[in-house]
Amino acid sequence: MRFPKDFLFGAATSAHQVEGNNHNDWSEWEKKNAERLSKASGGKYPPENYISGRACDHYNRFREDFDIAKSLGHNAHRFSIEWSRIEPKEGNFNEKEIEHYREVVKALRERGMEPFVTLWHWTLPLWMRDKGGVCSKEFPKYFARYAEHVARHLGKDVKYWITLNETNVQTSHGYLKGDWPPEKRSLFKYFAANRYLANAHAKAYKLIKKHNPSAQVGVTELFIYFSQSRIKSFFWNHFFLRKIKTCQDFIGIDYYFSDRKEKERSEFLDWPIDPEGLYKIIQEVKGCGKPVYIIENGIADAKDFRREKFIKEHLEWVSKAISEGVDVRGYFYWSLLDNFEWDKGFWPRFGLVEVDHKTMERKIRPSAKKLTEIIKGL
Ligand code: BGC
């Protein structure tokens, strides 16, 4: 495997999944649904499994966690900013929280890690939820104001921005299946949400650039490799990206699985493991002529049986794409820590680092070292 000298290697997290003590649309949803989800698991997981609560206490332990990432050889890290902390009430910005994220960015820089900052990883302040969330006509205006506030304060220190995380996953769960907040089932609302998210991105893109003209701004979508259907691939992988094609500086790929049936499967949602699928996805986007970053790729594997192979094989395909001339510039494993996996709670274990959510003790998993070996070219 060969990677360019300045290739970025790291891991990713999101605020609600690791920080702890967030108060937003998801934390409210968890409180209402924990009992139901526990019952639906047949009692296998207690209601506490479904409450993010202290999560990984990363809000207080980010320096310690970044020390671990640094010790693993990472030179980049992706995290998200929690809107409900920055703007807990409409138009009321909390300077202390900006200061917190300034410290987070500084801690990364001090450890030689390039920050990749996500502005929306699905959660919303309660006031934004009450106005209709991403399906409100006003969403673009409010999101842009929040994005500008963050960019005004952190813009100079952050080069890479991901405005939105996986609009395709959030809007399909929130507005089609109706199993995630805000639990709607309406094609009309689904398309409206997509329209407003695209508009929100376009506005934020310009404002971030205003504060830092050399910023690189994009989104990331969950890509699935559909081996049989171009139509599915178009709607799932490319529909949103088409809408924003004039305002993105890079293509962000989150990739976990394909639709191929015969493959090995992950313990989480029975996802077919298909490393070659990542290569196929890279082929699908390379025509855009923009740099590509693998923003998420990972496996839930509590016993760490499969992760090492998973990382190695996916990176082999990335390396092949690079050797054929595709401009892939970074790879982020999902996730640095065992975190709160939305409606599944704490049981899926995606981390390079195991977390005991009671004691908050961290333990580096053996497979994390595989990524380190690859980073070091061993
Ligand atoms: C999301 C993460 C999530 C991961 C694993 C991605 O779709 O961005 O928040 O934890 O997948 O399911």
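Buried means under 20% relative accessible area, exposed means over 50%, and partly exposed lies in between, with a 1.4 Å probe and protein chains only. This is a predicted model, in which local features need pLDDT of at least 70 and side-chain atom pairs count only at pLDDT 80 or more, while totals for chains, interfaces and linings use all residues. Residues are numbered from 1 along each chain as its sequence is written, and side-chain values use heavy atoms, with hydrogens and water left out.

**Exercise 1. Find Thr220 and decide whether Thr220 is buried or exposed.**

Step 1: Look for strand E5, residues 216-225, which holds Thr220. Helices (H or I, at least four residues) and strands (E, at least two) are DSSP runs, numbered from the N terminus.

Step 2: Read the relative accessible area of Thr220, which is 0%, so Thr220 is buried.

Step 3: Take a distance from here. Glu19 is 201 residues away from Thr220 in sequence, and the two C-alpha atoms are 21 Å apart in space.

**Exercise 2. Describe the surroundings of the ligand, starting with how many residues surround the ligand.**

Step 1: Count the shell. The ligand is surrounded by 13 residues, and the closest are Gln17, His121, Glu166, Glu296 and Glu341. A residue is near a molecule if one of its heavy atoms lies within 4 Å of it.

Step 2: Sort the shell by class. It has seven nonpolar, three polar and three charged residues. Here Ala, Val, Leu, Ile, Met, Phe, Trp, Tyr, Cys and Pro count as nonpolar, Asp, Glu, Lys and Arg as charged, and the others, Gly among them, as polar.

Step 3: Look for polar contacts, meaning pairs of N or O atoms within 3.5 Å; within protein, one must be able to donate a hydrogen and the other to accept it, and residues adjacent in sequence count only if both atoms are side-chain atoms. Gln17 has a polar side-chain atom 2.7 Å from a ligand oxygen. For Glu296, a side-chain N or O atom is 2.8 Å from an oxygen of the ligand, and for Tyr256 the distance from such an atom to a ligand oxygen is 3.4 Å.

Step 4: Check the cover. Of the 310 Å² of accessible area that the ligand has on its own, the protein covers 95%. Accessible areas come from the Shrake-Rupley method with a 1.4 Å probe; for residues, only the protein chains shown count as cover.

**Exercise 3. Which two residues does each cis peptide bond join?**

Step 1: Begin with the pair Pro181 and Pro182, joined by a cis peptide bond with omega of about 5°. Pro182 is in the loop between helix H8 (167-177) and helix H9 (187-211).

Step 2: Go on to Trp334 and Ser335, where the peptide bond is also cis and omega is about 10°. Ser335 belongs to the loop between strand E8 (328-334) and E9.

**Exercise 4. Compare Ala55 with Leu269: what is phi for each?**

Step 1: Read the angles. Ala55 is not a glycine, yet its phi is positive, at about 45°. Leu269, also a residue other than glycine, has a positive phi near 60°.

Step 2: Ala55 is in the loop between helix H2 (25-40) and helix H3 (58-71), whereas Leu269 is in the loop between strand E6 (251-258) and helix H11 (275-286).

Step 3: Ala55 counts as buried because its relative accessibility is 2%; Leu269, at 47%, counts as partly exposed.

**Exercise 5. Where is His357, and which backbone oxygen does its side chain reach?**

Step 1: Go to the loop between strand E9 (353-355) and strand E10 (362-364), where His357 is placed.

Step 2: Follow the side chain of His357 to the backbone oxygen of Asp338, at 3.1 Å.

Step 3: Classify His357. Its relative accessibility is 18%, so His357 counts as buried.

**Exercise 6. How far apart in space are Lys363 and Ile68?**

Step 1: Locate Lys363 in strand E10; with 47% relative accessibility, Lys363 counts as partly exposed.

Step 2: Lys363 and Ile68 are 9.5 Å apart in space and 295 residues apart in sequence.
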